[in-house]
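Student: I am new to this structure and would like to learn how to read it. Could we go through it together, one feature at a time?

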Amino acid sequence: MTPIVNYCEGVREIDATRLGLIRVSFGGYLAPRAAAYEHRIRAVVTIDGLFDGYASVLTLLGPRLRALLEARDEHACDAAIQTAMQTDGSLRWYIDQALWVVSSRDAV
């Protein structure tokens, strides 16, 4: 968010002292977190549809993957998820999106 807010501050037509953030779905889950770290955001409106990220991921995993996750077998779990992502588009999207969001936040 910081690069976006910085950009807004440089645009004459934008009052950067009155910035708000509106996000839906997974963005609605992340928006309050973004605002917590970017204090120039003055208002946040969210419609998240996701109340518990961990529980949401568990619904995408079959019994074998859940068992590996709960056993904290990191290497076996990673390998099994990589394999499952090749055929499960929902799981692939969820994992790819989460990795993009986390890496994007770390880059800011």
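Tutor: Gladly! Let us begin with strands: helices (H or I, at least four residues) and strands (E, at least two) are DSSP runs, numbered from the N terminus. Two strands pair if DSSP finds at least two bridges between them. This is a predicted model, where local features need pLDDT of at least 70 and side-chain atom pairs count only at pLDDT 80 or more, while totals for chains, interfaces and linings use all residues. Residues are numbered from 1 along each chain as its sequence is written, and side-chain values use heavy atoms, with hydrogens and water left out.

Student: Which residue in β2 is the bridge partner of Ile22?

Tutor: Val45 is that partner. Strand β1 (residues 19-24) pairs with strand β2 (residues 41-47) in the parallel sense, over 6 bridges. Between β1 and β2 the chain passes through helix α2 (residues 26-37), making a right-handed β-α-β crossover. Right-handed here says that, with the strands pointing away from the viewer, the path from the first strand over the helix to the second runs clockwise.

Student: Which residues of α2 are buried?

Tutor: Buried means under 20% relative accessible area, exposed over 50%, and partly exposed in between (1.4 Å probe, protein chains only). In α2, the buried residues are Phe26, Gly27, Gly28, Ala31 and Ala35. Seen down the axis of α2, they fall within an arc of 160°, so they line one face of the helix. The arc is taken from the directions from the helix axis to the C-beta atoms.

Student: What about α5: which of its residues are buried?

Tutor: Those are Cys77, Ala80, Ile81, Ala84 and Met85. Their arc around the axis is only 135°, which puts them on the same side of α5.

Student: Which residues of the largest nonpolar core touch the most other members?

Tutor: The general idea is that in soluble globular proteins, nonpolar side chains tend to be buried together. A nonpolar core is a set of buried Ala, Val, Leu, Ile, Met, Phe, Trp, Tyr and Cys residues joined through side-chain atoms within 4.5 Å. The largest one here has 13 residues, and Leu61, Leu65, Ile81, Met85, Leu91 and Ile95 touch the most other members. Helices α3 (53-60), α4 (63-70), α5 (74-85) and α6 (89-107) each supply at least two residues of this core, and α5 gives the most, with 5 residues. Apart from this core lies another, of 8 residues, among them Val5, Cys8, Ala35 and Ile41.

Student: Which residues does Leu69 touch?

Tutor: Contact means heavy atoms within 4.5 Å. Not counting residues up to four places away in sequence, Leu69 touches Tyr54, Leu58, Leu61 and Cys77. Leu69 lies in helix α4 and is partly exposed, with a relative accessible area of 28%.

Student: Where does Arg72 lie, and what is its phi near?

Tutor: Most residues other than glycine have a negative phi. Arg72 has a positive phi, near 60°. Arg72 is in the loop between α4 and α5, and counts as exposed because its relative accessibility is 76%.
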